[in-house]
Amino acid sequence: MKRRWPVAAVAVAASAAAVALSRDRLARAIANVRAFSAPTAGLYDALASPVLDGFFTRVADDVLAGRESARIVEIGAGPGRLASRVAELGRGASVVASDVAPAMLARAASWADRSGVGERVRFVLADVTALPFADASFDAVVTTLSLHHWPDARVGLAEVRRVLRPGGIARVYDIADWVTRFEPGGNRIRGETLFTDGWTKRTEAHVGPVPLLYRADLSV
Ligand SMILES: C[S@@+](CC[C@H](N)C(=O)[O-])C[C@H]1O[C@@H](n2cnc3c(N)ncnc32)[C@H](O)[C@@H]1O
């Protein structure tokens, strides 16, 4: 009888550890869904990147047009497909991929290596609300499908503006409002004045014939 206590204690401790671990995993998965709509970076990459391949080529062309040697930073780069595409197509461009999620940046670095541009893309762990870049240090900022996840889109956009040189351009691509309506807490664009503070120009357009995404061109 005496010898059963340690076994029971170990079983209870193991069960408690298992519950705590699964709670921890669950909390992390929920935080990930808030940050990038999937429980893990790997799942996001596997599901989204193949579907978005053509879109990224189009965005890279947009960003590089007339800016082949530009200093370009991507915010919320996720698995880094766009950053690598920009580096592939813009041989003279200097490219920085930044994201708040270390797991995303690790995937981005690995993809850049596999694409042969690992030496030409710099990866920076950063929250858009406090970017670790000097004022006016980029010619272009690009972000895709990320803004609706930012904790404070106004602060994020002010940071984007700060790191852009005068005359620089920010290209924001994100999900249309009618889609983010189904995502609790997501930032919406239309009907709000997110893009007015400090930006000297504002244009918005749908990307492609289906109004799933919008594009905003912002300049300072
Ligand atoms: C839906 S994913 C989009 C990834 C990639 N841009 C794409 O189009 O596939 C959103 C990305 O924004 C990043 N993100 C969310 N909040 C952020 C923040 N506050 N600062 C920087 N990046 C953020 C997430 O970590 C995630 O990688």
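**Reading helix angles, burial and a ligand shell**

Me: Which orientation do α2 and α3 have to each other?
Reply: Angles under 35 degrees are roughly parallel, over 145 roughly antiparallel, 65 to 115 roughly perpendicular, and the rest oblique. α2 and α3 are therefore oblique to each other. Their axes (lines fitted to C-alpha atoms, for helices over the stretch in contact, with angles from 0 to 180 degrees between N-to-C directions) cross at roughly 45° and come within 9 Å. This is a predicted model, with local features needing pLDDT of at least 70 and side-chain atom pairs 80 or more, while totals for chains, interfaces and linings use all residues. Numbering starts from 1 along each chain as its sequence is written.

Me: Which residues of α2 and α3 meet?
Reply: Contact means C-beta atoms, placed from the backbone, within 7 Å. From α2, the residues include Ser 49, Leu 52, Phe 56 and Val 63. Helix α3 (residues 81-89) supplies Arg 81, Leu 82, Arg 85, Val 86 and Leu 89.

Me: Why does Ala 140 count as buried?
Reply: Buried means 20 or more other C-beta atoms within 10 Å. Ala 140 has 22 such neighbours, so it counts as buried. Ala 140 sits in β4, a strand covering residues 138-144. Beyond four places in sequence, Ala 140 touches residues including Val 63, Arg 67 and Ile 169. Val 73 is 67 residues away along the chain, yet its C-alpha atom is 6.5 Å from that of Ala 140.

Me: How many residues surround the ligand?
Reply: A residue belongs there if its C-beta atom lies within 6 Å. The shell holds 22 residues, and Phe 36, Gly 76, Gly 78, Ala 101 and Ser 146 are the closest. α1 (4-36) and α2 (41-64) each give two or more residues to the shell.

Note on methods
Helices (H or I, at least four residues) and strands (E, at least two) are DSSP runs, numbered from the N terminus. A residue is buried if 20 or more other C-beta atoms lie within 10 Å of its own, exposed if 12 or fewer, and partly exposed in between; C-beta atoms are placed from the backbone. Two residues are in contact if their C-beta atoms, placed from the backbone, lie within 7 Å.
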